[in-house]
Each structure stands twice: as C-alpha cells, then as structure tokens.
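Work through the exercises below, each followed by a stepwise solution.

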Amino acid sequence: MNDRLEQPLLQVRGLVRRFGGLVAVDGLSFTVGAGELVGLLGPNGSGKSTAINLISGVFAPDAGAVLLDGQPITGWAPHRVARAGIARTFQLVRVLPSLTLAENVQLAVAFHAGGARQTGANARDWLKRVGLADKAQSQPSELTYIDQKRLELARALALQPRLLMLDEWLAGLNPTELQQAIALVRSLAAEGIAILMVEHVMEAVRALCSRAVVMHHGRVIAQGPTAQVLADPEVLRCYLGEEVTADV
C-alpha cells in the first residue's frame, strides 16, 4: 500500500522519438508527483514540445513508456489520454475562432465524461476561474493575447485533469500580465493539480517550479530542485549559453 501512495502520478521512462535521421527525444525519463509543479526546460530544439506531444498522444514513441498513475498509456490516442486525466495547452494558441468563448469551453466540458448536461453553467464557471467570466459571449478574435491563452487554459481545465501540461503558456506576456499569470498557475497548483511546464521565462520557473528537468539535444542533462538545476554548469553552458569556470 505504501508503494501505491508514493507512486508518481506521471512516469516517463526512456522515451525515444525519431523523425527520419533526427532523434528528437533520446531516452527521456522523469516523473511528476501528484500536485507537483515541474519545469521542463531547455533551449529551442531540445525536444521539449516533442516530449509533450508524446505524453499527450499526438506522437507515438519509437521506444519507452508513459504511465499515468501506474497505468501504461504509451501510444494512446489524444482523446484517450485526455479522458484519462491529462490536459494541455499549446505553444501556439489553438482556439476555435468561429465560436464564442463559452462555446469553446462547452466543447471541452461536453467531452469530459458526464459533462454534457450542464455545459452552459460549467463553461461559465471555468471562464470565471481564469478571469474571463465577463467575456463569455465574445469571439476569440476580440481577445488580447493573454486572454486567448486564458481561454485555452479554461478549456484545458474543463477536462478536470489530474495533470496539466503548459507549453510555453507564459511566453510573450508583459511584466504585469506575467505576474497575473504566475499567480493563476500558482493557484491551480494549490488546488492539487499536477503541472508540467515547458517554459523559458526563468522568473516564472524560479517562482513556481519545485523541480526542473533540463533537456539538450533530446536528452536530459540535469534534473532536481530548481535552484540547484539552474546553477548546474552544464545547464549554464547548454541552456543559458554561458561559459562557466569551476570554483577552486
């Protein structure tokens, strides 16, 4: 029973994904505990978004395994992964421009098992959760960039996930918007949702993530407590582009 209680919510074991001769993800392994907020970091092209696509079922791995709460979900279609309890946002915002904000979220509510009967009320609840309650009948084209991101987040939350994956959700925000977004993500983690963040904004990573996993050329080069990882000489060289000399 103790092993069950201590089992990570998400286990990624030796994931490999090739695109022709390019190995985009090469033996990736890490875990995310229930209610934990983990940063998935690395320079552009390091394989972070590919990893998110592998976990969410967009891509099938060439090798390795993904387990959710101990159950293998490797290679499952995205809709099965979503229903199992994993939701995500995208690096480039994906909303349905012909639908209102409420209708965008209603689709996700209806998709969630047992959610089809009260879609209107529940959609408004999720929009309120991300600060968009007063825009429920607006079109996505009328929103600012951060509000489009909030809409996508509301749609992900409507799936009532156990694990939420944010793919550069904080990118492109001004300083005020960034602080608002950090507070929102922190509040979601406080509610017990496990969060895996692909992120380049170090201020947010330091403020939010208890642990970090750093990728470079598809491989993990460091993982552990965030402050420790961000001070790792290999991370500084590969991710931050700094030459580091050891203290002697």
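**Exercise 1.** Classify Arg-237 by its relative accessibility, then describe its pairing with Glu-234.

Solution. 
1. In this predicted model, Arg-237 has 35% relative accessibility. Buried requires under 20% and exposed over 50%, so Arg-237 counts as partly exposed.
2. Glu-234, at 30%, is likewise partly exposed.
3. The two side chains form a salt bridge, with an N to O distance of 2.8 Å.
4. Both residues belong to helix H10 (residues 233-238), where a spacing of 3 residues puts about one helical turn between Glu-234 and Arg-237.

**Exercise 2.** Determine which residues are linked with Asp-147 in a network of salt bridges, and state whether Asp-147 is buried or exposed.

Solution. 
1. Asp-147 pairs with Arg-150, their closest N and O atoms being 3.6 Å apart.
2. These two lie 3 residues apart in helix H6 (residues 145-157), and both are buried.
3. Lys-135 and Asp-134 form a salt bridge at 4.0 Å between the closest N and O atoms. Here Lys-135 is partly exposed at 25%, while Asp-134 is exposed at 64%.
4. The network links Asp-134, Lys-135, Asp-147 and Arg-150.

**Exercise 3.** Locate Leu-164 in the nonpolar packing.

Solution. 
1. The largest nonpolar core has 50 residues, and Leu-164 is among the members touching the most others, along with Leu-127, Leu-153, Ile-195 and Met-197.
2. Helix H7 (residues 175-190) gives this core its largest share, 7 residues.
3. Beyond four places in sequence, the contacts of Leu-164 include Leu-153, Leu-188 and Ile-195.
4. A separate core of 28 residues includes Leu-40 and Met-165.

Technical notes
Residues numbered from 1 in each chain as written. Predicted model: local features only at pLDDT ≥ 70, side-chain atom pairs only at ≥ 80, totals over all residues. Heavy atoms only, no water. Core = buried A, V, L, I, M, F, W, Y, C linked by side-chain atoms within 4.5 Å. Buried < 20%, exposed > 50% of the residue type's maximum accessible area, 1.4 Å probe, protein only. Helix = DSSP H or I, 4+ residues; strand = E, 2+ residues; numbered from the N terminus. Contact = heavy atoms within 4.5 Å.
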